[in-house]
Amino acid sequence: GKFMMIVYQVDNRASASDVTISTAIEVKLGAPADVSTELEMVFLGTTTISIPGDGMLHNVSGLCAPREPQTFVGGFELMGDTGVSQRLIHFPASGSQVTRLDAPFDPTNMQHLAFPRFTATSGDFLRTTCNYVNATGSTRVLGDRLEQELCYLLLYRTRLAPSVGGLYACVS
């Protein structure tokens, strides 16, 4: 009764010939008793994006303020083709800021991000910063088309009660 949708985006603008793509999906099967912690995914980032096409480094940031404790265990960067890197900084209410992630971005080879698990709670802030170099000559704005940009960090977190949050609970 459950399903997964996989969406491909293929950029074939530079070639007049057909493109063949393939992918693999790794599935680990097990009994419900094998699951020690149920996880869900949350999108951290921003929908306010305007990247000038001047070939210079630009960044945009989004803040997340968790209302309930959330333990983060890994995830994925989601940016467009002018994205070059992404950073996640944790501002605990009780201490100094901690850089949890500082990773390059490659739109042709998106990989799972592994980092030490951490918990953010009420009073903490998480800041996601996306860095871009847009040398296209035109401004890139938010969107899921090839000519547009995204700034999301998709993180796996411990499951929250349905009344507490959702996929976009932490997007500024």
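Ser61 stands opposite Thr129 in strand E8. The model is predicted: local features need pLDDT of at least 70 and side-chain atom pairs count only at pLDDT 80 or more, while totals for chains, interfaces and linings use all residues. Residues are numbered from 1 along each chain as its sequence is written, and side-chain values use heavy atoms, leaving out hydrogens and water.

**The sheet**
- Strands E3 and E8 (residues 125-133) run antiparallel and are joined by 8 bridges; two strands pair if DSSP finds at least two bridges between them.
- An open sheet of 4 strands has the order E3-E8-E5-E6, and its pairing is antiparallel.
- Strand E3 (57-64) and strand E6 (98-104) stand at the edges with a single partner strand each, so one side of each has no neighbour in the sheet.
- Neighbouring strands of this sheet are turned by 15° against each other on average, direction ignored, with axes fitted as lines to C-alpha atoms.

**The chain**
- The chain has 0 helices and 11 strands; helices (H or I, at least four residues) and strands (E, at least two) are DSSP runs, numbered from the N terminus.
- Of its 172 residues, 34% count as buried, meaning under 20% relative accessible area with a 1.4 Å probe, protein chains only.
- Residues 24 or more positions apart account for 78% of the contacts (heavy atoms within 4.5 Å) with a separation of 6 or more.

**The surface**
- The chain exposes about 10800 Å², of which carbon and sulfur atoms supply 54%, by the Shrake-Rupley method with a 1.4 Å probe.
- Ile25 lies in the segment before strand E1 (39-45).

Technical notes: Buried means under 20% relative accessible area, exposed over 50%, partly exposed in between (1.4 Å probe, protein chains only). Axes are lines fitted to C-alpha atoms, for helices over the stretch in contact, and angles run from 0 to 180 degrees between N-to-C directions.
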